[in-house]
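Dear colleague,

Please find below the structure for your review. A summary of the findings follows it.

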Amino acid sequence: APRTIVTAHEAGWQWKMPLQHRQGNGYVYSSRFTDDETAKKRLLENIDGRLITHPRTFSFTPGRRNRAWNKNCIAVGLAAGFLEPLESTSIALVETAIDKIVQSLAQLTYDQKIVEHFNHVTQLEYECVRDFIILHYKANQRNDSLMWRYCQNMSVPKSLQTRMDIYQSSGKLARSAWDMFGADSWLAIYHGFNFLPQTYATKIDSIPLEQVQNGLLKMKGDIAKYTAKAPPHHHFLAQHFDYQSSKQE
């Protein structure tokens, strides 16, 4: 499969990451709602094929440094913080940190204002990622386990609650300049969990329905045209890597 498969369980979620010669598996769970042995059992019963190593258990505390840039040291990547890995944002946060460093050191010297701005933007980035991940849990509609019911009723950061309230009341997407997730990502989660707005912007009524339909048809045609030219995933791997596919062509 050309993608990581994520499956929710009663106390968290499991990933299956297809690699060329093996499959990576893991289970991120809340110790508040299950124990290590139960979690290990749930993981093992949902693994395809034989084990090549035994599961290892470790814990983490999500968070970030108060100051990513302190004196003459700048924390990047996991040194700066770690969030729940549901959206695999660590690489993106490394990239944005590098970009901020380059911009901050564009001159031969820097002052405390530049340092403070770097730290402020880093804080906003982490909070935006935090809010997007929390939305996955808050908006869930599962009723089969304690953890998911708890998440539905838990309080969330004010910044996320404001976004949710604005979207539900007007259909508007309130986004930050430092938000690495685009409007399509937020819409996918909102609509995927049936978290829909109660009304909409009335100016949309001035756009003829036929114009909208024609735009969607063109988009559908463009997607079909470009995907038809793209090689199947296993063909691409066979061409560029030492890969043997068991798939029938």
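**Salt bridges**

Glu-45 and Lys-41 are joined through their side chains by a salt bridge, with 3.4 Å from N to O. Please note that the model is a predicted one. Glu-45 is partly exposed, because its relative accessibility is 44%, whereas Lys-41, at 53%, counts as exposed. Glu-45 also forms a salt bridge with Arg-42, where the closest N and O atoms are 1.9 Å apart. Glu-10, Lys-41, Arg-42 and Glu-45 are linked in a salt-bridge network.

The structure contains nine salt bridges. One of them connects the side chains of Glu-125 and Lys-100, at 2.8 Å from N to O. This pair links distant parts of the chain, with Glu-125 in helix H3 (residues 112-138) and Lys-100 in helix H2 (residues 90-104), 25 residues apart. Glu-125 is buried, with a relative accessible area of 7%, and Lys-100 is buried as well, at 11%.

Three strands form an open sheet in the order E1-E2-E3, with antiparallel pairing. Strands E1 (5-9) and E3 (23-29) each have a single partner strand, so one side of each lacks a neighbour in the sheet. From one strand to the next, the twist averages 15 degrees. E1 and E2 (residues 12-18) are joined by five bridges, and Thr-7 stands opposite Gln-14 in E2. Helix H1 (residues 36-44) lies across E1, E2 and E3, at about 145 degrees to E3.

**Surface patch**

A nonpolar surface patch, with about 770 Å² of accessible area together, includes Tyr-200, Ile-204 and Leu-209. Ile-204 lies in the loop between helix H6 (183-192) and helix H7 (209-229); Ile-204 is partly exposed, at 42% relative accessible area.

Kind regards

Terms used: Residues numbered from 1 in each chain as written. Predicted model: local features only at pLDDT ≥ 70, side-chain atom pairs only at ≥ 80, totals over all residues. Heavy atoms only, no water. Patch = residues over 30% accessible without salt bridge, like charges linked within 9 Å, V, L, I, M, F, W, Y side chains within 5 Å. Areas by Shrake-Rupley, 256 points an atom, 1.4 Å probe, with all protein chains shown as cover. Salt bridge = Lys/Arg side-chain N within 4 Å of Asp/Glu carboxyl O. Helix = DSSP H or I, 4+ residues; strand = E, 2+ residues; numbered from the N terminus. Buried < 20%, exposed > 50% of the residue type's maximum accessible area, 1.4 Å probe, protein only. Pairing = 2+ DSSP bridges. Axes fitted to C-alpha atoms, helices over the stretch in contact; angles between N-to-C directions. Contact = heavy atoms within 4.5 Å.
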